[in-house]
Amino acid sequence: MKFFIDTADLDEIREANAMGVLDGVTTNPSLMKKAGGADFHEHIFRICEIVDGDVSAEVTAVDYDGIMEEGRTLAGIHKNVVVKVPLIMDGIKALKSFKEQGIRTNCTLCFSSTQALIAAKAGATYISPFMGRVDDISWDGLQLVEDIVEVYSNYGFETQVLAASIRHPMHVARCAQIGVDVATMPLAVISRLLKHPLTDNGLEKFLADWADYRAEGETVRP
Ligand code: E4P
């Protein structure tokens, strides 16, 4: 399973990348607003220079021509840019055109398996089901992801399932069991994946015992 970080914050991206397990980055207009920065295209380029992997950059046009124009410009920033396209009628049309032009896409704001089916038929490179936002309205985000993986497997679609809007490590654990291709998550969730109190307690005890052993050695052993 690939790990993407879901942020536009350059420091967070550097920190996650330093762990050596980062495969890419997803951004969106809200994350761009949070990160700040004067120039969107320049910012995306800087992200691409930090991480050697796919970087999703989202269009903000909602009409076919606008999506295509923005998408072509974004794809021209760096070879690793993946154009993020909303799951609306004109977005679906654009997915097909981008595919024909060799431009890779991430179809975003997916909340149903039928939406995911259409995106795959249109040739999306990635589909992004927003599991956390589904949970937020008392539906089952994991079930949505599971349904999409099953539908894609039934028909052999090549579109990769990119689990998005991940809120906590259990989302990641269940996604790995389901077999998603990619999970994108905030830095806080990536960090929590490796934390376990028994690891911390165990290490503390080992280090204390090691210190005792060394101290005893100084008096008992030659
Ligand atoms: C995915 O690409 C989105 O940027 C993201 O996962 C949305 O997450 P949120 O629901 O936490 O805003």
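**Salt bridges.** The rule is a side-chain nitrogen of Lys or Arg within 4 Å of a carboxyl oxygen of Asp or Glu. One of the pairs I checked is Asp-11 with Arg-14, at 2.9 Å from N to O. Both Asp-11 and Arg-14 sit in helix 1, three residues apart, or about one turn of the helix. My reminder: side chains of opposite charge can pair when their charged atoms come close.

**Ground rules.** I'm working on a predicted model, where local features need pLDDT of at least 70 and side-chain atom pairs count only at pLDDT 80 or more, while totals for chains, interfaces and linings use all residues. Residues are numbered from 1 along each chain as its sequence is written, and side-chain values use heavy atoms, with hydrogens and water left out. Helices (H or I, at least four residues) and strands (E, at least two) are DSSP runs, numbered from the N terminus.

Next I followed the strands. Eight of them form a closed barrel in the order 1-2-3-4-5-6-7-8, with parallel pairing. To pair, two strands need at least two bridges between them in DSSP. The twist from one strand to the next averages 30°; angles run from 0 to 180 degrees between N-to-C directions, and axes are lines fitted to C-alpha atoms, for helices over the stretch in contact.

I then walked along a few neighbours. Strand 5 (residues 105–110) is joined to strand 6 (residues 126–129) by three bridges, and Cys-107 stands opposite Ile-127. On the strand 7 side, Ile-127 has Val-161 as its bridge partner, and two bridges join strand 6 to strand 7 (residues 160–163). Strand 7 pairs with strand 8 (residues 182–185) over two bridges, again parallel, with Ala-163 opposite Ala-183.

**Helices 1 and 3.** How do helix 1 and helix 3 pack? I found helix 1 (residues 10–18) at an angle of about 15° to helix 3 (residues 40–50), with the axes 10 Å apart. So helix 1 is roughly parallel to helix 3 (angles under 35 degrees count as roughly parallel, over 145 as roughly antiparallel, 65 to 115 as roughly perpendicular and the rest as oblique).

In contact (heavy atoms within 4.5 Å), Leu-10, Ile-13, Arg-14 and Asn-17 of helix 1 meet His-43, Arg-46, Ile-47 and Ile-50 of helix 3.
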